[in-house]
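I opened my notebook to keep track of what I looked up, one entry at a time. Follow along with the picture as you read.

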Amino acid sequence: MELIVRGGYVYDPANGVNGEKIDIYVKDGKIVESVEESKAKVIDASGMIVMPGGVDLHSHIAGAKVNSGRVLRPEDHVKDPEPKTKYKRSGVGRSVPSTFTTGYRYAVMGYTTVMEPASPPLKTRHTHEELNDTPIVDKACLPMFGNNWFVMEFLKEGDVDKCITYVGWMINVLKGFGVKIVNPGGVEAWGWGKNLEHIDDKVPYFDITPREILRGLCKAAQELNLPTYIHVHANALGRPGNFSVTMDTMECVRDLAKDGKADIHMVHIQFNAFGGDDWSTLRSAGSEISDYVNRHTHVTLDMGQIIFGDTTTMTADGPWQYELYKLSGNKWVNSDVEAETGVGIVPYVFRRKSYVNAVQWTIGLEVALLVKDKWRLCLSTDHPNGGPFTEYPRIIAWLMSKEARRRTLRRIHSKAAKRSILDELDYEYSLYDIAIVTRAAPAKILGLKNKGHLGIGADADIAIYDLNPKEVDFSRDYKAVRKAFRRAAYTIKDGKVVVKDGEIVSSHIGRTYWTKITMKDPSRVDQLVDEIRDRFQEYYTVSLSNYPISEEYLHRGEPINVKAAI
Amino acid sequence: MSEVRDVVCPFCGCLCDDLVILVEEGKIAGVKNGCALSITKYLNYNRERISKPMVRKNGELEETSLEEAVNRAAELLANADYPVSYGWSNTSCEAIATGIELMEEVGGVIDNTSVVCHGPSVLGVHEVGHPTCTLGEIKNRADLIIYWASNPLQSHPRHLSRYTVMARGKFRKSRDERTLIVVDVRKTYTARVADYFIQIQPGKDYELLSALRTAVRGEELEQEEVAGVKREHIEEVADLLISCEFGVLFWGVGLTMTGGKYRNIDLAISLVRDLNAYTKFVMMPMRGHYNVVGANAVFTWQTGYPYAVDFSHGYPRYNPGETSVTDILVRGEADAALIVASDPASNFPRKAVEHLSRIPVVLIDPRWTSTTDIAEVVIPTAMLGIEVEGTAYRMDGVPIHMKKVINPPDGLKPDVEILRMILDRIRAMRGG
């Protein structure tokens, strides 16, 4: 099918297009140079903005942990039922939507690619089953390695190559996309009810430090030529003063970066940018973090912005979630996964009048405004941790309008407002900036070459919003911005119109990307599997032969082929 | 004779995946590594099988073509006002997903066997949460193991040897590094191998859990004896719980289906949660059917709710007691039923079975059961994990791919295919 998107103001930062009126041509699901005008369906986008489909590189949408969150929160689902329609399966929404609803709601916002950022390897089959049931959007998952026993043992033995081979084997058999690290070593310590404070603490019994784990896995991602570098949820998340641990985490892989390229993505930075010594002296360390990022090119970030209201926090950082349970008194799920990782889930209400929550709100926005190179920043709430992804338009409005920020700033805990530098920050995002942090930058960080832009050959994933940049003053009329980004006028996925006027008008299965690694020396992998066989039997409760996930599990799998350097 | 290795057993929630099945001339000739239940299942899987679809005519089940059976099933379900579906714990996740789509299409209710076993456990989790882990964590770390109202040596025979007391893991190598406590109303087989057996008076679980929680918190028990257990013993056990390195509480249907029901679970979870202030402590329900956890998982990711999901309003509604199939049947509200891989006629409450026998029942099941006798349409299927492959979830939520060992009898298809045929037929009837 051929399609022309005519007359819209196009924002395509990857190709340097900044609000120019350009027609976009689509054929067979791709952006092309031209189509036969007489045959093509024309979408009139005049007076509207046109962007590549949104890319979310950090959103917990699928897998065992998300599903445990769903089981925990019937009282949340009941507020937001999603009825069946001609094109839609039914479901529930709010903070932990069912899978079908997740796909539809992303598409309605003009998003077309989503990364599930934390898959426990042993339960990754579950992640894929849910991703299969998440319609429209393309997706992938990052298996977690930061507390993996084999990783720690190989690195302790000083055998980095073996660690790299192991990570490569795992990504292949799990149909994973890249390497995620959550509270390295700390989640293993939580197996004994403990935690680590700092990147140089020793992991109990494994005699290794988070610093060594981070460096080893950073090298693994590089040597395997994965599409994306390590995504890191640093140690000490959620604790006052943790920004120094975050700085040390970024610094510990600085020397490994090659040719000025990034080698570490710090996820949901807000939760790791706390200053102060305790809850009463808590302050934003957004300036310190941004300052570091502005001085060093090897780091990229996503915001982890909080949204005031009721949500469901969930992370592999089991010890932190236990802390959050103790702080909030709310119900608590914990689910540790043998030899690999953990999970904690706690419902949580972010309150404007809570000093701590108000400070958190300022941190995410401060970082987003202070980081100069927007190509190294992504918009996120760490869905659903900071708030549901459906609230992104609220963040877009805050970024684009100082007035919008002020309106909220006036209503938050007064001490937090006074202590924040937010009111002094005059920067207002342009649509071009928004297109970077919601599309171009996350696609670039993920290494998805056909995503996040509208150049020839790109996937025809296009979002059209009914917002006229020539008529609307975004700074003053931020509510119009919010409204436009909530419900796309059109969302086009793989060249098909899936959303019109904010409603789903067709649905299909999106791709699941995975990284297919070819080792330079394939015999290494066979040796490795032989070598881990006995230990695997001791550590795990499934047979080694039943651990791999076959390609058939991905209803529309799409391998990204890479050649490893070893 | 050939061997199929690392076969996954389709019997209980242990989902052992290390079986070796001996196949001779297309038939199962032997089982290695299996427990008594598993071996019995494999060696007798072909007994009481139904070979042809059947439709009831003039009160008698008559063999018919698959097409006619599917058409009849589709008509019954599509024309019903309030159809219900039940079972789903002995089939694949793929079949479960198709079943949900089907019941959503006809605006009915779908429920799984949780409603008569660990449903109250789920309700407890809604209330308080659930500190848990995978079985390997227990194998590797646990030095204190409690089975409460559960007798795994008979219900989950390899549970102790593969995952808990006798398992060899990274940090625990042998039986003498672990303490086993059994709480039950009688001295079960499992109780006989326990280090501590606590014989509790029937129906007094809530009282004993309360007392233990009090003792764990260091508060004084006023009674000399609670639930038939002496105060000193309760205090001794509380000290054991606090002083272990990694403890786990497994609980069975004896806790969910006695007086306090979900209140018992609420309290058990609270106890385990409290223990985490002193040490590492987790818990896990002893799920019975091999894929009941998969049923809960698929229900939850597709609808938001783990069982008792009502689509009659066009979106998922969940209110166990109201939307649970047992209660709907007891109230006499359903006017058709789809039963998949289950035999409710032999284990539902009497009033529910009575109503079930009055309405048209579509039964999809490999075997002849009590439910066959009241069914209107019977479609036999191939068996998951023996004749067809598919996905199941272990009691700790670990998903495992079930293998195919031998070919199914001629003409028998997997559940998922039959359900897809019925769904397609319903949509065709509606001009979709």
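This is a predicted model: local features need pLDDT of at least 70, side-chain atom pairs count only at pLDDT 80 or more; totals for chains, interfaces and linings use all residues.

**Entry 1: two helices crossing in chain A**

I started with a pair of helices, and I noted that H13(A) passes H17(A) in a right-handed crossing. Helix H13 of chain A covers residues 392-400 and helix H17 of chain A covers residues 478-486. Their axes come within 8 Å and cross at roughly 145 degrees. I wrote down both values, since two packed helices are described by the angle between their axes and the distance between the axes.

Which residues of H13(A) meet H17(A)? I listed Pro393(A), Arg394(A), Ile396(A), Ala397(A) and Met400(A). On the H17(A) side I found Tyr478(A), Val481(A), Arg482(A), Phe485(A) and Arg486(A). Sorted by class, the residues of this contact between H13(A) and H17(A) are seven nonpolar, no polar and three charged.

Next I looked up strand E21 of chain A, residues 344-350. Is this strand mostly covered or mostly open? It is mostly covered, with five of its seven residues buried.

I then checked the strands it pairs with. Strand E19 of chain A, residues 309-315, runs antiparallel to E21(A), and seven bridges join the two. In that pairing I found Thr312(A) opposite Pro347(A). E20(A) also pairs with E21(A) in the antiparallel sense, over two bridges. Here Val333(A) stands opposite Ile345(A).

**Entry 2: a strand pairing across the chains**

I followed E20(A), residues 332-336, and it took me to chain B. E20(A) and E8(B) pair in the parallel sense over five bridges. One bridge I noted joins Trp332(A) to its partner Gly129(B) in E8(B).

How many residues does each chain bring to the contact? I wrote down 53 residues from chain B and 46 residues from chain A. On the chain B side, the elements that each supply at least two residues are helix H3 (93-106), helix H4 (119-128), strand E8 (129-133), helix H5 (135-141), helix H13 (292-303) and strand E22 (399-402). H5(B) gives the largest share of that side, six residues. By class, the side of chain B that touches chain A has 21 nonpolar, 18 polar and 14 charged residues.

**Entry 3**

Inside the order I picked strand E23 (residues 462-465) and strand E24 (residues 490-493) of chain A, which run antiparallel and are joined by three bridges. There Ile464(A) stands opposite Tyr490(A) in E24(A).

**Entry 4: the three-stranded sheet of chain B**

I found an open sheet of three strands in chain B, in the order E1-E2-E3, with antiparallel pairing. Strand E1 (2-7) and strand E3 (27-32) of chain B each have a single partner strand, so one side of each is left without a neighbour in the sheet. The twist averages 25 degrees from one strand to the next.

E2(B), residues 19-24, pairs with E3(B) over five bridges. In one of them, Glu24(B) has Lys27(B) as its bridge partner. I also saw that helix H1 of chain B, residues 36-44, packs on the sheet and touches E2 and E3 of chain B. The direction of H1(B) makes about 170 degrees with that of E3(B).

**Entry 5: domains of chain B**

The domain assignment of chain B gives domain 1 (2-43), domain 2 (50-115 + 290-429) and domain 3 (119-285). The centres of domain 2 and domain 3 of chain B, taken over C-alpha atoms, are separated by 34 Å. Eight residues of domain 2 of chain B are in contact with six residues of domain 3 of chain B. The domain 2 side of that contact has six nonpolar, one polar and one charged residues.

**Entry 6: one residue, Val253(A)**

I ended with Val253(A), in the loop between helix H9 (243-251) and strand E15 (264-266) of chain A. Why does Val253(A) count as buried? Val253(A) counts as buried because it has 23 C-beta neighbours inside 10 Å, and the cut-off is 20 or more. Leaving out residues up to four places away in sequence, Val253(A) touches Leu214(A), Arg215(A), Cys218(A), Asp263(A), Ile264(A) and His298(A).

Technical notes:
Residues are numbered from 1 along each chain as its sequence is written. Chains are lettered from A and ligands numbered from 1 in the order in which they are written. Two strands pair if DSSP finds at least two bridges between them. Helices (H or I, at least four residues) and strands (E, at least two) are DSSP runs, numbered from the N terminus. Axes are lines fitted to C-alpha atoms, for helices over the stretch in contact, and angles run from 0 to 180 degrees between N-to-C directions. Two residues are in contact if their C-beta atoms, placed from the backbone, lie within 7 Å. Ala, Val, Leu, Ile, Met, Phe, Trp, Tyr, Cys and Pro count as nonpolar, Asp, Glu, Lys and Arg as charged, and the others, Gly among them, as polar. Domain bounds come from an automatic or database domain assignment. A residue is buried if 20 or more other C-beta atoms lie within 10 Å of its own, exposed if 12 or fewer, and partly exposed in between; C-beta atoms are placed from the backbone. A crossing is left-handed if the near helix is turned anticlockwise from the far one by less than a right angle, and right-handed if clockwise.
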